[in-house]
Amino acid sequence: MKQYSLLGILLLALSFSACDLDKEPYGISNFWNTEADVQLAINSAYAPFYDEEGFGRGHWWAGPASDDMVINRNKEDDAALTEFRTTVNASGGQFSNWKLMYKVIRRANDVIKHAASIEMPEENRNLFLGEANFICAYAYFYLAKRYGGLPFYDYNRPEEINKPRETKTETYNRIEAYLKTAIAYYEKQDAWTLENANLGRPNLGAAYGLLAKVYAHWGKYAEAKAAAEKVINSGLYSLDLTDNNGYAHLFSPDGEKHKEVLFNLVNKPIRNQGTVTSVVLLSATLSSGTGWYYFAPTKSLYEAFEPGDLRRKATLVGAGDEVHFLGKAQVLTEADIKDMTTGYMGTKYLAAYNKLSGWNWESGEDIPLLRYADVLLIHAEAEIFLAGGGANNRTLGVPAAAQSFNEVRVRAFGGDASKAIVAPTFNDLVNERRCELAYEDERHYDLVRWGLAQEVYAAATSATDPRGPRTFDPAKDAHFPIPQREIENTDYLLANNPLDGYSNFK
């Protein structure tokens, strides 16, 4: 199997309809005959991830719903959604998430449908089918976190694209089934890791890791613990500990293929020709106009990091911080980042600019979509909840959570074992996930699933978040409204939240 061929992705993508669930690749009369066709098809399933409104910047539009960042430019439609002031999703950045993920789902299902009957070595078929099932699960989970219950695409009935939503429980059952199927195919090849050109593609560890996250969001903590332990006990994954600052190394071109990364959005072999993830965070003032400065991290996030936590400078900087860009060090001034309304600029995806000779619209860095650190923290969370901790018992110390929790925490302090917590509490976990996974599409959904969003957003102050306190209604705002275009395209067969069973597990 070959690494993502972006040229192949783009060529095949042009052959698919742009309708929201995607249609059969009409016009390709001699397709689905060879293993090479299957390779091209699985590559095409990744194309929407690379879209500007996919993991270019699209996944960021939901991020400001959390207390970690704000929309830094005049984007009223998206601001209204993330400030919970509207029940209509009619335009703006979040509008495209639905369409792009269903393209991923449609194309991965094509592989599931056809790969079984095409002549090829059985080990390659197993890897293709494992990958296609994982990608379907990932895309459905991405959407389920945002929107709740979803319509399900059935490749046996491709003409049935106008379908009602399934309940949230039914949706999670589907995601679980895709992941268990992916695991079965990967286990046939003992595909815990992939080598060389396949680095970044999902593997058995990614499938179990994502399953652990799905169970945690589902509130099934015994299952989450068991799935996470499959990854941990394999002994094949580890945190990046390079130079006692592995977190910063991981989010740099030198560390992007580290075995901490279970699933990676791989850039083109030629740098500066990939997604636009980094440029959306970059100050235009600092970069002489290259940066788009769409999002600015909050002082609330800055203050979440304890003194000595090395993740802070790898995540955000403010005036007075030393940064390394274009091969030289400099101390940021307020003037350098005057277009960042909070006074801080995100740096998590900017490390590649240190090795470039000039500012470029894209730094050319891979984007990790699932990390071993996340799996470790899911395991710690499961131990805490299974011991009786959680939002209703936030200060209960749980020694069983210490090992997985402290792997992440001690790394953050350069290996200083004195920073370990003997019996982590739920409060410890909440802050650890915030600092470790900032900007990784987790914080808001964590607060929602733990039942903390209403409390945390109401407690904000204008000193730490320029929006001040926000009103979050757990019944209405647990999920974002479905894009209005999708509701209208189905002649209102799709219905918006809140609906009992669609926006909650029942």
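How many residues does helix H6 have, and what is its reach from its first C-alpha to its last? Let's find out, keeping in mind that this is a predicted model.

## Helix H6, end to end

Helix H6 covers residues 122–147, which makes 26 residues. From first C-alpha to last, H6 reaches 37 Å, close to the 38 Å expected at 1.5 Å a residue. Most of H6 is covered, with 24 of its 26 residues buried. After the helix comes Gly-148, and the phi of Gly-148 is positive, near 85°.

You can compare this with helix H2, residues 35–50. H2 has 16 residues and spans 24 Å, close to an expected 22 Å. H2 is mostly covered too: 13 of its 16 residues are buried.

## H6 beside H7

Now look at the partner of H6 in this part of the model. Helix H7 spans residues 168–188, and H6 packs against H7 at an angle of about 155°, with the two axes 8 Å apart. Angles over 145 degrees count as roughly antiparallel, and therefore H6 and H7 are described that way. The crossing of H6 past H7 is left-handed.

Which residues meet here? On the H6 side they include Leu-127, Gly-130, Phe-134, Ala-137, Phe-141 and Ala-144. On the H7 side they include Thr-171, Ile-175, Tyr-178, Ala-182 and Tyr-185. While you trace these numbers, one general idea is handy: an α-helix has 3.6 residues a turn, so residues three or four places apart point the same way.

## H13 beside H14

A second pair to find is helix H13 (residues 372–386) with helix H14 (residues 402–412). Their axes are 7 Å apart and the packing angle is about 135°, which means that H13 is oblique to H14. H13 passes H14 in a left-handed crossing.

In H13, the residues that take part are Tyr-372, Ala-373, Leu-376, Leu-377, His-379 and Ala-380. They meet Ser-404, Phe-405, Glu-407, Val-408 and Arg-411 in H14.

Is Trp-98 buried or exposed? This residue of helix H5 (residues 97–115) has a relative accessibility of 3%, so Trp-98 counts as buried. Leaving aside neighbours within four places in sequence, Trp-98 is in contact with Leu-143, Tyr-147, Leu-150, Pro-151, Ile-482, Pro-483, Glu-486 and Leu-494.

With 1% relative accessibility, Asp-110 counts as buried, and its side chain makes a polar contact of 2.3 Å with the side chain of Arg-106.

## Two aspartates in loops

Finally, visit two loops. Asp-190 lies in the loop between H7 and helix H8, and has a positive phi of about 50° although Asp-190 is not a glycine. At 55% relative accessibility, Asp-190 counts as exposed.

Asp-243 is in the loop between helix H9 and helix H10. Its phi is positive as well, near 55°. With a relative accessible area of 71%, Asp-243 is exposed.

Conventions:
Residues are numbered from 1 along each chain as its sequence is written. This is a predicted model: local features need pLDDT of at least 70, side-chain atom pairs count only at pLDDT 80 or more; totals for chains, interfaces and linings use all residues. Side-chain values use heavy atoms; hydrogens and water are left out. Helices (H or I, at least four residues) and strands (E, at least two) are DSSP runs, numbered from the N terminus. The expected span of a helix is 1.5 Å times one less than its number of residues. Buried means under 20% relative accessible area, exposed over 50%, partly exposed in between (1.4 Å probe, protein chains only). Axes are lines fitted to C-alpha atoms, for helices over the stretch in contact, and angles run from 0 to 180 degrees between N-to-C directions. Angles under 35 degrees count as roughly parallel, over 145 as roughly antiparallel, 65 to 115 as roughly perpendicular and the rest as oblique. A crossing is left-handed if the near helix is turned anticlockwise from the far one by less than a right angle, and right-handed if clockwise. Contact means heavy atoms within 4.5 Å. A polar contact is a pair of N or O atoms within 3.5 Å; within protein, one must be able to donate a hydrogen and the other to accept it, and residues adjacent in sequence count only if both atoms are side-chain atoms.
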